[in-house]
Amino acid sequence: MKLEQLEYALEIEKHRSLSKAAKSLYISQPALTIALNNLEKDLNYKIFQRSSLGAYPTTVGQQFLDIARRIAADLNEIRDLSETMEKTCMDVGLAALPSFTNVAIFNILTSLSQQYPHSFPSVFDSSTKGVLEQLKNGTATIGLTSFINELPASLDSNLEVMQYKSSYLYTDRFELFMSQHHPLAQKNEVKINDFLGQFPMVYMQIDNEPVFPDQEHPFLAQIHQSSTYAIADKDMMKKHVCANLAVAVLPSLFAHDAIYVNTGQVRHLPIIDLDIKLLNTLIYPKQVCCSYESALIEAIEHYFKQL
């Protein structure tokens, strides 16, 4: 028995005629007759008494139609639920630092696209300050951020008020990114004095604020004060580095699966005397809005904990 056979039977009951039902269903009358005959054969009883006057339910047929009507109503509820969930999934927003959105988020969303081909979150490049602000104002529902050296003491209490929680992913570090043609590109590692104040530098800012604010660490203030360029677009920033216009101090995550790095156009070196640890952290709601949001959170945790 197929669901379409139930729909056919209900349409015949509605019109009391196979020809009118066939027209309503946009199929031929012979095709509808064959479908009804096959259904009645499977059930081993007649649903309709057919004559020149029309098609009328038999006693057992009426019982069948009553059940079929309930099944059809339940099926419509299921379809409505699916549409509601799809609409809800469109409200999923992801606010993340540019190091996360550079390549990693694309890889994660691509991995989910087969299971959820019609669900795509809104993705926002944000500063460390901006991630929390977007979660608070509802622009985003999931946040990916980095904390310098330790989690803020007030983080848990702030997230509790927002009905959010956090999950530590892994520890990253800042590295120096430069063109393959840069004088420092021949080194295997660098110290702060090798580049700070020695070469043009570029850093990212979003909404006229650095991705990592000055107050988070004295070294960041030095970087921002010494930089020649402040750029809001990460692709433009990468082009500056690739063209040997400037060097950049960025989380090493920027190098992950990055085409400029993989093709050798850009090198990235550890800064051995820099005492900064980046605690990469996922922030997400205690109650997710849909299965897609839950799957996205799980995929993010899995992806970054493999690095």
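Predicted model: local features only at pLDDT ≥ 70, side-chain atom pairs only at ≥ 80, totals over all residues.

Trainee: How much space lies in the largest cavity?

Mentor: The count gives one cavity of 30 Å³ or more. Among the 16 residues of its lining, Met204, Val211, Phe212, Val249 and Leu250 are the closest to the centre. At least two lining residues each come from helix H5 (98-101), strand S8 (202-206), helix H10 (218-226) and strand S11 (248-251). The space in the largest cavity is about 200 Å³.

Trainee: Which strands stand at the edges of the open sheet?

Mentor: The order of the three strands is S11-S7-S12, with antiparallel pairing. Each edge strand has a single partner strand, so one side of it is left without a neighbour in the sheet; the edge strands are S11 and S12 (266-270).

Trainee: Which residue in S11 stands opposite Leu176?

Mentor: Strand S7 (residues 174-179) and S11 run antiparallel and are joined by four bridges. The residue opposite Leu176 is Val249.

Trainee: How does H2 lie against H3: roughly parallel or roughly perpendicular?

Mentor: The axes of helix H2 (residues 18-25) and helix H3 (residues 29-43) come within 9 Å and cross at roughly 105°. Angles of 65 to 115 degrees count as roughly perpendicular. Therefore H2 is, relative to H3, roughly perpendicular.

Trainee: How many charged residues does the contact of H2 with H3 have?

Mentor: Leu18, Ser19, Ala21, Ala22 and Leu25 in H2 meet Gln29, Leu32, Thr33 and Leu36 in H3. By class, six residues of this contact are nonpolar and three are polar, and the number of charged residues is given as no charged.

Conventions. Residues numbered from 1 in each chain as written. Heavy atoms only, no water. Axes fitted to C-alpha atoms, helices over the stretch in contact; angles between N-to-C directions. Parallel < 35°, antiparallel > 145°, perpendicular 65-115°, else oblique. Contact = heavy atoms within 4.5 Å. Nonpolar A, V, L, I, M, F, W, Y, C, P; charged D, E, K, R; others polar. 1 Å grid on protein atoms, 1.4 Å probe; cavity = no way out; pocket = protein on both sides within 12 Å on 5 of 7 lines; lining within 4 Å. Points joined across faces, edges and corners; volume = space filled by probe spheres on them. Pairing = 2+ DSSP bridges.
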